[in-house]
Amino acid sequence: MIALYLKGGFFMHPILLVSILALALFCERASYLFFRLRLDTDTVYRKITLSLEKLNYRGALEECSRIEKHPLGRILKAGLLRSDRRDKEIERAMEEEIVREIPKIKGRTNLFSLFANIATLIGLLGAIHGLISAFEGVAHASDSMKQEILASGISVAMLTTAFGLLIAIPCLIGFYIINNKGEAIIDDLEHKSLSMFNLISSLKQQDREQQC
């Protein structure tokens, strides 16, 4: 494997650098999305809504504070802190918090596509360089050496192309995994924030009807 890598020439090195950067990015994003943001949001949300249904706003806020390191806790808390205000203000507060959290969840995900394209293009550049070198060598070589030089140049071209694709394909797979996980988290946050807003609005409406 190392022999093939060395045989591929100079352009194998930048492709290897791209692969290292892509792997580091995948580890960082996967650690954040799959581990740091790991939370049974359904169970936590159920506890918060149970407190609200009992009109225990303090208890609901305490539940949010327990998970404040998670975006869900911060979003729901933003709405609860404004539960005594107009519906529009509650909705706006949670929407602002969601907008603030999205870049943290989706951050740097598009770099996987960039790395995939860079690896592919460097591989193609290495292929073109190998073919140019081969044809230039053949033009100035003796008849006995032409076949060997041509084979060497084509080998470099194929190796750099293959290595570029070998790195680009996992980058695209990494993008799919990380992007889908991020989208799932955002969808869950939006769904629960909307449900929370509807519940608070409903409780306020019931309270107004009882006062009348």
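Two helices, α2 (12–36) and α8 (143–211), each supply at least two residues of a nonpolar surface patch. The model is a predicted one. The patch covers about 690 Å². Its members are Phe 34, Phe 35, Leu 165, Ile 169, Ile 173, Tyr 176 and Ile 177. Helix α8 gives the largest share, five residues.

Take Phe 35 as one member of the patch. Phe 35 sits in helix α2. Its relative accessibility is 54%. Exposed means over 50%, so Phe 35 counts as exposed.

Is Leu 33 buried or exposed? Leu 33 has a relative accessible area of 1%. The limit for buried is under 20%, so Leu 33 is buried.

Which residues does Leu 33 touch, leaving aside those up to four places away in sequence? The contacts are Arg 38, Ile 105, Ile 178, Lys 181, Gly 182 and Ile 185. Ile 105 belongs to the buried residues of helix α6. Ile 178, Lys 181, Gly 182 and Ile 185 are contacts of Leu 33, and the range of α8 runs over 143–211. Gln 147 is another matter. Leu 33 and Gln 147 are 114 residues apart in sequence. In space, their C-alpha atoms are 53 Å apart.

What comes just after α6? There Arg 108 takes a positive phi of about 65°.

Helix α5 (residues 71–80) is next. Nine of its ten residues are buried, so α5 is largely enclosed by the rest of the structure. The buried residues are Pro 71, Leu 72, Gly 73, Ile 75, Leu 76, Lys 77, Ala 78, Gly 79 and Leu 80. A lysine is on that list. Lys 77 has a relative accessible area of 18%. Buried means under 20%, so Lys 77 is classed as buried. Which residues does Lys 77 touch beyond four places in sequence? They are Leu 61, Cys 64, Ser 65 and Glu 68.

Step back to the whole chain. The protein chain has eight helices and zero strands. Along the sequence the pattern reads α-α-α-α-α-α-α-α. The radius of gyration is 28 Å, well over the 17 Å that the globule rule gives for 212 residues, so the chain is more spread out than a compact globule. The C-alpha trace spans about 105 × 25 × 15 Å along its principal axes.

How are the contacts spread along the sequence? Consider contacts between residues at least 6 apart in sequence. Of these, 76% join residues at least 24 apart. Of the 212 residues, 40% count as buried. The accessible surface comes to about 12,700 Å². Carbon and sulfur atoms account for 62% of it.

How values were computed: Residues are numbered from 1 along each chain as its sequence is written. This is a predicted model: local features need pLDDT of at least 70, side-chain atom pairs count only at pLDDT 80 or more; totals for chains, interfaces and linings use all residues. Side-chain values use heavy atoms; hydrogens and water are left out. Buried means under 20% relative accessible area, exposed over 50%, partly exposed in between (1.4 Å probe, protein chains only). Helices (H or I, at least four residues) and strands (E, at least two) are DSSP runs, numbered from the N terminus. Patches are made of residues with over 30% relative accessible area and no salt bridge: like charges are joined within 9 Å, nonpolar side chains (Val, Leu, Ile, Met, Phe, Trp, Tyr) within 5 Å. Accessible areas come from the Shrake-Rupley method with a 1.4 Å probe; for residues, only the protein chains shown count as cover. A salt bridge is a side-chain nitrogen of Lys or Arg within 4 Å of a carboxyl oxygen of Asp or Glu. The radius of gyration is taken over C-alpha atoms; the globule rule is 2.2 Å times the number of residues to the power 0.38. Contact means heavy atoms within 4.5 Å.
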